[in-house]
Amino acid sequence: MKITDHRNRYFVLQMLNPFVFASAFLLSCTGNATISPGTSEITQKPIVSFAKRFKIGHLDGYSQVSVLNPWQGARDIAQEWYLFRSDEEIPSFIDTMKVIRVPVKKVVCMSTTHLAMLSALGEAGSVVGFSGTRFIFNDTLVQGVRRGEIREVGYEDNLNKELIVKLDPDLVMVYGIGSESSGYIGKLREMGVRVVYNADYLENDPLGKAEWIRFIGALFCKEEMADSIFAGIEKEYNKLKSYINVNTGERPKVLLGLPFRDTWYISPGNSYISTIVTDAGGDYLWMDTESSESMPLGLENVYMKAVSAGYWLNTGSAGTLSDIATIDERLTRLNCYKTGNVFNNNRRTGKEGGNDYWEGGSLNPHLILRDIATILHPDLFEGNELIYYRRLN
């Protein structure tokens with residue numbers, strides 16, 4: 001599935017393959033390491049616990065962060081980046097085109113999830129360009145756009161490559177939709193721009209997605225801060241998950257998503273959102289499926305299975321029940337529609353359309369978990385006010 005309409009970009013991303021690996025190899029920000037070209041043994045430092053798309057290893061005082069297969073359909077693809085402080089000499093056997101000087105000072109980002117992690121690390125001021133500034137939710141960053149400190153760089157085939165070069169970022173952080181050799185990524189590299197993949201949104205574990213803050217932390221020499229932030233997230237998520245598991249019995253069936261251009265892109269049972277639904281005490285309708293990408297199904301096929309759903313979540317662009325009715329009248333006959341158990345994840349939405357579920361939510365899987373558990377089991381968190389979700393009327 002290719003994203004061709006920028007207005008639908010963030011809606012489509014929630015339905016896309018949540019399982020592709022991404023890539024980059026990063027170097028430690030500590031000390032003046034002596035690097036020997038004859039060294040081959042890599043010691044794995046146990047700092048990546050849940051993320052499956054990157055690893056951090058150490059070799060003679062420096063680190064490699066390995067991220068594999070950074071776009072959908074990629075196989076056996078790997079990249080490498082070496083991070084050196086500005087006062088460190090680069091050994092002759094290191095390709096200088098694979099070197100990034102750290103801490104990074106200026107960055108152009110292509111996803112709001114990147115912005116959330118930068119902000120959490122106190123590095124929002126490093127953002128000089130963004131693809132789709134109207135979709136930013138964080139008010140500090142929105143003000144940066146208004147002051148001209150964060151420039152709109154366009155997207156995909158309409159990317160303003162000349163502006164990016166003029167901004168002179170230390171790197172451009174992208175998410176992997178297509179091959180690195182095609183489109184704007186290949187052209188940026190030809191212009192000497194360092195392009196770093198970030199595959200946080202492709203993780204199928206909610207904690208794995210949030211753990212990408214460690215990836216960002218390595219770029220800004222804030223590993224300890226990133227570790228501390230993630231430790232808090234992990235603790236809260238697992239505490240909630242355990243509480244929900246102990247205190248729930250019946251698991252209501254859950255429908256997710258909305259048709260997009262006559263096709264319903266179903267998240268498989270091994271996806272990020274299906275994991276959260278399960279942890280929240282729900283029974284996702286397609287929990288028994290497994291795929292490396294979203295599964296396109298016809299609306300009628302989905303309708304037949306959705307008849308048994310007690311709840312309907314993440315309704316995409318639909319902001320009201322009437323919006324759903326205009327898509328297909330049959331959807332109004334679903335039991336979850338008739339009982340009013342339809343919720344969208346757009347409660348925190350900015351004036352121009354920025355949705356914090358896709359921004360700050362990347363670092364708050366525990367809050368999303370509590371929201372969904374509150375919806376599915378109202379007595380579990382009595383009096384709890386939803387943060388990211390709201391009931392459609």
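The model is predicted, so local features need pLDDT of at least 70 and side-chain atom pairs count only at pLDDT 80 or more, while totals for chains, interfaces and linings use all residues. Residues are numbered from 1 along each chain as its sequence is written, and side-chain values use heavy atoms, with hydrogens and water left out. Helices (H or I, at least four residues) and strands (E, at least two) are DSSP runs, numbered from the N terminus.

**The parallel sheet**

- Five strands make an open sheet in the order E8-E7-E6-E9-E10, with parallel pairing; two strands pair if DSSP finds at least two bridges between them.
- Strand E8 (151-152) and strand E10 (195-197) are the edges, each with a single partner strand, so one side of each has no neighbour in the sheet.
- Three parallel bridges join strand E9 (residues 171-174) to E10, and valine 174 stands opposite tyrosine 197 in E10.
- Helix H5 (residues 183-190) packs on this sheet, touching E9 and E10, and its direction makes about 140 degrees with that of E10. Contact here means heavy atoms within 4.5 Å.
- Axes are lines fitted to C-alpha atoms, for helices over the stretch in contact, and angles run from 0 to 180 degrees between N-to-C directions.

**The mixed sheet**

- Another open sheet of five strands runs E13-E11-E15-E16-E17, and its pairing is mixed.
- Its edges are strand E13 (283-284) and strand E17 (390-391), each with a single partner strand, so one side of each is left without a neighbour in the sheet.
- Strand E15 (residues 311-313) pairs with E16 in the parallel sense over two bridges; leucine 313 has phenylalanine 343 of E16 as its bridge partner.
- H13 packs on this sheet and touches strand E11 (253-256), E15 and E16, its direction making about 155 degrees with that of E15.

**Asparagine 355**

- Asparagine 355 sits in the loop between strand E16 (342-344) and helix H13 (365-376).
- Asparagine 355 counts as buried because its relative accessibility is 12%; buried means under 20% relative accessible area, exposed over 50%, partly exposed in between (1.4 Å probe, protein chains only).
- Its side chain reaches the backbone oxygen of asparagine 345 at 3.1 Å.
- Leaving aside neighbours within four places in sequence, asparagine 355 has contacts that include Phe135, Phe137 and Arg348.

**Two helices meet**

- The axes of helix H9 (residues 272-279) and H13 come within 8 Å and cross at roughly 55 degrees.
- Residues making this contact include Ile273 and Ile276 of H9, and Ile372 and Leu376 of H13.

Note on methods. Polar contact = N/O pair within 3.5 Å; in protein donor to acceptor, adjacent residues only side chain to side chain.
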